[in-house]
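Subject: Structure handover

Hello,

Here is the structure I said I would pass on. Please open it alongside this message.

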Amino acid sequence: MRYNPNRELPAKFQAPESVRRKFPYNAAMNSAPTPSQAVTVAVSDTDQLFMRAALDLARQAALAGEVPVGAVVVKDGEIVGRGSNAPISRHDPSAHAEILALRDAALHLGNYRLVGCELFVTLEPCVMCVGAMFHARISRVVFGAPDPKTGAAGSLLDLFAETRLNHHAQVQGGVLAEECGKVLSNFFAARRATQKG
């Protein structure tokens, strides 16, 4: 299944009613959205700034031949951890952008507990990454594009809503979703073209 920026975001990803923008969605994921399908999602300038930093890291991953996902960890308005996908180059299945950003932040702060930190990632995190975020005590997770195949923040399953877990974080999806999704779809289109040629 290819990334579709018109995919419906679950209601929990809709932010407060400040700094609004229109985010079209399409439940069927086949046709263009109609105006009645528009959902208002608030996106702050700060969230966009940090998501753009994550997008820069995603583009670096693409240049290295990795799936283009980037992540940053933010504490008190400052980036304290950065990561871009590197499982192929590191021969490490756990080298997802989020994990590398968490490791970088933990080293920077001198603590594996990242209390009061936020994580911004260009693609909805998987189960492994959400688990690591919970263990690190990340307070807020912001992602760009939804991931219908492995997303663990509402697309495939929702670990953030699992009440049996001992830690919970706020989550918001859809920040620069179209741009984040375009980086991914362009990468896979180029890869398919190379494989055909």
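What follows is a summary of what was found, from the overall fold down to single residues.

Please keep in mind that this is a predicted model.

Overall fold

The protein chain contains five helices and seven strands. In sequence order they run β-β-α-β-β-α-α-β-α-β-β-α. Of the 197 residues in the protein chain, 47% are buried.

The core

The largest nonpolar core consists of 48 residues. Val 73, Leu 102, Leu 114, Leu 119, Ile 138 and Phe 160 have the most contacts inside it. Two or more residues each come from α1 (45-63), β3 (70-75), β4 (78-84), α3 (97-109), β5 (117-123), α4 (127-136), β6 (140-145) and α5.

Leaving out residues up to four places away in sequence, Val 73 touches Glu 78, Ile 79, Val 80, Gly 81, Ala 101, Leu 102, Ala 105, Cys 117, Glu 118, Leu 119 and Ile 138.

One of those partners, Ala 101, is found in helix α3. Ala 101 has a relative accessible area of 0% and is therefore buried. Apart from neighbours within four places in sequence, Ala 101 is in contact with Ala 71, Val 72, Val 73, Gly 81, Arg 82 and Gly 83. Ala 101 and Val 80 are 21 residues apart in sequence, and their C-alpha atoms are 8.4 Å apart in space.

Helix α1

Helix α1 has 19 residues. From its first C-alpha to its last, α1 reaches 27 Å, close to the 27 Å expected at 1.5 Å a residue. Its buried residues are Asp 47, Phe 50, Met 51, Ala 54, Leu 55, Leu 57, Ala 58 and Ala 61. These cover an arc of only 165° around the axis, so they sit on the same side of α1. Behind this pattern is a general point: an α-helix has 3.6 residues a turn, so residues three or four places apart point the same way.

The buried residues of α1 are covered by elements that include β3, β4, β5, β6, β7 and α5. On the other side of α1, the exposed residues are Asp 45, Leu 49 and Leu 63. Just after α1, Gly 65 has a positive phi of about 85°.

Helix α5

Helix α5 covers residues 177-196, which is 20 residues. Its reach from first C-alpha to last is 28 Å, close to the 28 Å expected at 1.5 Å a residue. Ala 177, Cys 180, Gly 181, Val 183, Leu 184 and Phe 187 are the buried residues of α5. Seen down the axis of α5, they fall within an arc of 155°, and so they line one face of the helix. The face turned away from that buried side carries the exposed residues Glu 178, Lys 182 and Lys 196.

How do the axes of α1 and α5 cross? They come within 10 Å and cross at roughly 5°. Because angles under 35 degrees count as roughly parallel, α1 is roughly parallel to α5. On the α1 side, the contact is made by Met 51, Arg 52, Leu 55, Ala 58, Arg 59 and Ala 62. On the α5 side, Glu 179, Cys 180, Val 183 and Phe 187 take part.

Loop residues

Two residues other than glycine have a backbone angle to check. Arg 137 has a positive phi of about 70° although it is not a glycine. Arg 137 is in the loop between α4 and β6, and it is partly exposed, with a relative accessible area of 21%. Leu 176 also is not a glycine, and its phi is positive, near 55°. Leu 176 lies in the loop between β7 (170-172) and α5. Is Leu 176 buried or exposed? Leu 176 has a relative accessible area of 13%, and because the cut-off for buried is under 20%, Leu 176 counts as buried.

Val 175 is found in the loop between β7 and α5. At 0% relative accessibility, Val 175 is buried. Val 175 and Ala 145 are 30 residues apart in sequence and 7.6 Å apart in space, C-alpha to C-alpha.

Regards

How values were computed: Residues numbered from 1 in each chain as written. Predicted model: local features only at pLDDT ≥ 70, side-chain atom pairs only at ≥ 80, totals over all residues. Heavy atoms only, no water. Helix = DSSP H or I, 4+ residues; strand = E, 2+ residues; numbered from the N terminus. Expected span 1.5 Å × (residues − 1). Buried < 20%, exposed > 50% of the residue type's maximum accessible area, 1.4 Å probe, protein only. Arc of directions from axis to C-beta. Core = buried A, V, L, I, M, F, W, Y, C linked by side-chain atoms within 4.5 Å. Contact = heavy atoms within 4.5 Å. Axes fitted to C-alpha atoms, helices over the stretch in contact; angles between N-to-C directions. Parallel < 35°, antiparallel > 145°, perpendicular 65-115°, else oblique.
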